[in-house]
Amino acid sequence: MAAQSDVRDGLRYTKDHEWLSESGGEKLVGVTAYAVEQLGDITLVNLDVKPGDTVTAGKAFGTIESVKTLSDLFAPVSGRVVRVNADLVERPELVNEDPYGKAWLIAIEPADAGEASALMDAASYRDFLSKAAH
Amino acid sequence: MTDADAPLRRTPLYDDHRELGGRLVPFAGWEMPVQYTGLVDEHHAVRRAAGLFDVSHMGEFLVTGEHAGAVVNYVVTNDVGRLEDGGAIYTLLCNERGTVVDDLIVYRHAPDRFLIVCNASNRDKVGAHLARFCEHHCDLRDVSDETGLVALQGPKAASILAQAGPGAAEAVAATKSFRFRRFEVAGVPVTAARTGYTGEDGFELFTPWAETPKVWRELLRLGKEAGLKPVGLGARDTLRLEARLSLYGNEIDEATDPLEAGLGWAVKFDKGDFVGRAALEPKKAAGTARKLVGFEVTGRGIARHGYPLKSEAGEVVGVCTSGSPSPTTGKNIGLGYVPAALAAVGTPLVVDCRGRDASAVVVKTPFYKANKAGS
């Protein structure tokens, strides 16, 4: 592995390399820097949900594609979709440029507030990545 | 196929790949670099300057003996009889049903000495197929384990290789497309063939297995200023797709014949009998029911291997064999089989991208054509 991937404190993480913002009533969902490094140049983001739809933890809500491959996007927690990031339709490269910021994918209002705390914190995710690397 | 549980094999450049930051992945039983700095970056390096590929995993067979030429010519579809010493030819290897066992390059070293290069994934199968026809007639030896192979590809490839040692400049200038010649790189004897799998001018250099790193490092050093980069399998795939070069397992396999794959130019019915001829001749006369076409996705979607292709009316009519964003053209391109009636340039198609329909149109191929020197 080259340089260590950017893992931000204050976020929750899944084994599928997605992040969930912890603060506020709605939770933003995105893909981690590690995921982006693995995928390479992102060329297409498809979000199969719209505001008002519900997502289920571990179930796909869209796909993200690089030149090389397609990956499913999995909901980190169950809940109702509040917003989707329409910018990514025209500018998928935002995922490469700013995976923890401008390239948030969807905002969720979780069905169960406790579900997020079962996900990995930054320290656990760093540990998870270091084990995944070898 | 290679046993999925067998340990992955490593080329002589394994340590170099690690040092260069290559991301190693399993490929056809080998641990190979899929990329170093990034697929798109590496792709552009090959189109604009040059790229260096490790293809040591490929299979090589040496066929020798008085009847070697006749046997090789009988077993492949192209006309090896047209080769002179120092000449190479692309060909299909077909079975009696006229479908594709593998695609190969055959090199004539001498009238009684031919080298055959096959895909890594087909090495065992090709060896067994060749053995059936060589037995009692000529000697067949699998020399894959002693043969390293690196590909230097791109508009700057020739000028980089020309600096490689005494006599290199003359050798490079004298080696035209699909010709090969021996000289030294970094003191290592190499056989340099002006062939490749990128659509660019370039060379493939056969090296003694253990000395491959010397050649690899020297070429990277010589090419540094010109923008030479190591390139992984990821960009190798997008480069070959833009150039409409078939990939075994995608465009061609044992359910495919060369004619429908658009490779009829490599099947020579005027050369006498060959394996697969009896099955292919009537197909040639009747015309193929389906054809491999290139298409551009004009809607929102990226075609991928295995996605269904539909007619404008929504009926599934074929399948995508390869698809990807094309870094050079900026378009989403693909290859796939469709009924002959839907193969004309301009025909609208629909790609079923995992349940999401994307409009596409049949286009002329190759998607990209270089202004090659040396050809």
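**View 1. B:L161 and its contacts in a predicted model.** Welcome to the surroundings of one leucine in chain B. Once neighbours within four places in sequence are set aside, B:L161 is in contact with B:L152, B:A168, B:V172, B:A192 and B:F203. This is a predicted model, so keep that in mind for the other views too.

**View 2. The largest nonpolar core.** Which strand gives the most to the core? That is strand β6 of chain B, residues 100-110, with 6 residues. In soluble globular proteins, nonpolar side chains tend to be buried together.

**View 3. Helix α8 of chain B under cover.** Look at residues 233-242: of the 10 residues in this helix, 9 are buried. They are B:L233, B:G234, B:A235, B:R236, B:D237, B:T238, B:L239, B:L241 and B:E242. What covers them? Chain B itself supplies elements including the strands β1 (23-27), β2 (30-35), β3 (50-54), β16 (316-325) and β17 (332-339), as well as helix α2 (39-48). Just past the end of α8(B), look for B:R244, whose phi is positive, at about 55°.

**View 4. Where chain A meets chain B.** Here 10 residues of chain A are in contact with 13 residues of chain B. On the chain A side, strand β4 (residues 42-47) provides the largest share, 3 residues. What kinds of residue make up this side of chain A? You can find 4 nonpolar, 3 polar and 3 charged ones.

How values were computed: Residues are numbered from 1 along each chain as its sequence is written. Chains are lettered from A and ligands numbered from 1 in the order in which they are written. This is a predicted model: local features need pLDDT of at least 70, side-chain atom pairs count only at pLDDT 80 or more; totals for chains, interfaces and linings use all residues. Two residues are in contact if their C-beta atoms, placed from the backbone, lie within 7 Å. Helices (H or I, at least four residues) and strands (E, at least two) are DSSP runs, numbered from the N terminus. Ala, Val, Leu, Ile, Met, Phe, Trp, Tyr, Cys and Pro count as nonpolar, Asp, Glu, Lys and Arg as charged, and the others, Gly among them, as polar. A residue is buried if 20 or more other C-beta atoms lie within 10 Å of its own, exposed if 12 or fewer, and partly exposed in between; C-beta atoms are placed from the backbone. A nonpolar core is a set of buried Ala, Val, Leu, Ile, Met, Phe, Trp, Tyr and Cys residues joined through C-beta atoms within 7 Å.
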